[in-house]
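Here's a quick briefing to keep beside the viewer. Have the structure open and follow along.

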Amino acid sequence: MRGFGSRLRHALDDRGPLCAGIDPLPELLRSWGLPDSADGFREFAIRAVDALAPLAAVIKPQSACFERHGAAGIAVLEEVIGAGRAAGALVLVDAKRGDIGSTMQGYADAYLDPSSPLACDAITVSPFLGLTSLEPAFTTGRRHGAGVFVVVRTSNPGGEHVQLATGPTGGTVSAEILARIAELNVGQTPLGPIGAVVAGNLDAVPDRLAINGPLLVPGIGAQGGSAGGLARQFRDVRDLVVPSSSRDLLGHGPDQDALRTRFRSVLASMRTALA
């Protein structure tokens, strides 16, 4: 299998720079006229994937939305991963796992080892137990051609208390994480397999975004991020940006044609902004 960076670059060039989030939230289930039950949950998720995965370079199921339904939800997540990949999309599971030692290795094996029923193309991870704690994910991802997206800068209230704190070398924690990711991606073409998650609705974007790896940019649409904002905030690294939209897309369901129409509209604006 080609490395994740190569597969992602090809997918973005072929299908365009937009990641479709698959977030079966209770309010979205209600807006689709579906019950917040195992059956309603599955219908929502599969209908969304069937509509969006044939169009999107990347789909991003939010693990928490599936986990809240227990074993039935995890079974649907497995189904979503398989259906997304079968439709030609890369599947990025938004799990934000972060731990140490054998526990981190267990998370890496669950999502990045092809022998696992939850195996996907990439996962999100949290570095705030120290970036070296994520080494099992990096190593397992490299071994199996999978990707890892490190949470760097979020827009939630209070996030800046950690992310913008001063690190041991005098820069912010987020800038030091980005610098280390860039080191891990050195020499990788056309993209390294280690990406960063940087919110698309920030007042100020971190320095050092040129990491030779993808920048997953959530917060587009319902959370205030826009195509124009991306063009300004990420103007020097536009080729690395993978904007992600979830509620703004899914709110146009349950009609699948309406979902596809909205996806194409948002994609067109992203193509223009990031050209």
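Phe 4, Leu 8, Val 58, Leu 92, Phe 149, Leu 216 and Val 242 line the largest cavity; lining residues have an atom within 4 Å of a cavity point. This is a predicted model, where local features need pLDDT of at least 70, side-chain atom pairs count only at pLDDT 80 or more, and totals for chains, interfaces and linings use all residues. Residues are numbered from 1 along each chain as its sequence is written, and side-chain values use heavy atoms, with hydrogens and water left out.

**The cavity**

- A search of the whole structure turns up 1 cavity of 30 Å³ or more; a cavity here is a set of points on a 1 Å grid over the protein atoms alone where a 1.4 Å probe fits but cannot get out.
- The largest cavity holds about 30 Å³ of space, a volume being the space filled by probe spheres set on the points.
- Its lining has 7 nonpolar, no polar and no charged residues; Ala, Val, Leu, Ile, Met, Phe, Trp, Tyr, Cys and Pro count as nonpolar, Asp, Glu, Lys and Arg as charged, and the others, Gly among them, as polar.

**Aromatic pairs**

- There are 3 aromatic pairs in the structure, meaning rings of Phe, Tyr and Trp (its six-membered ring) with centres within 6.5 Å.
- Phe 4 and Phe 149 have ring centres 6.0 Å apart and planes at 85°, so they sit edge-to-face (over 60 degrees; under 30 is stacked and the rest tilted).
- That pair ties together distant parts of the chain, 145 residues apart: Phe 4 is in helix α1 (residues 4–15) and Phe 149 in strand β5. Helices (H or I, at least four residues) and strands (E, at least two) are DSSP runs, numbered from the N terminus.
- Phe 4 is buried at 4% relative accessible area, and Phe 149 is buried at 3% (buried is under 20%, with a 1.4 Å probe and protein chains only).
- Trp 32 and Phe 44 make a tilted pair, with centres 4.1 Å apart and planes at 40°.
- Trp 32 lies in the loop between α2 (26–31) and α3 (38–52), and Phe 44 in helix α3, 12 residues apart; both are buried.

**Thr 154**

- Look for Thr 154 in the loop between β5 (147–153) and α8 (159–163); at 18% relative accessibility, Thr 154 counts as buried.
- Leaving aside neighbours within four places in sequence, Thr 154 is in contact with Gly 159, Gln 163, Ala 199 and Leu 202 (heavy atoms within 4.5 Å).

Methods
Buried < 20%, exposed > 50% of the residue type's maximum accessible area, 1.4 Å probe, protein only. 1 Å grid on protein atoms, 1.4 Å probe; cavity = no way out; pocket = protein on both sides within 12 Å on 5 of 7 lines; lining within 4 Å.
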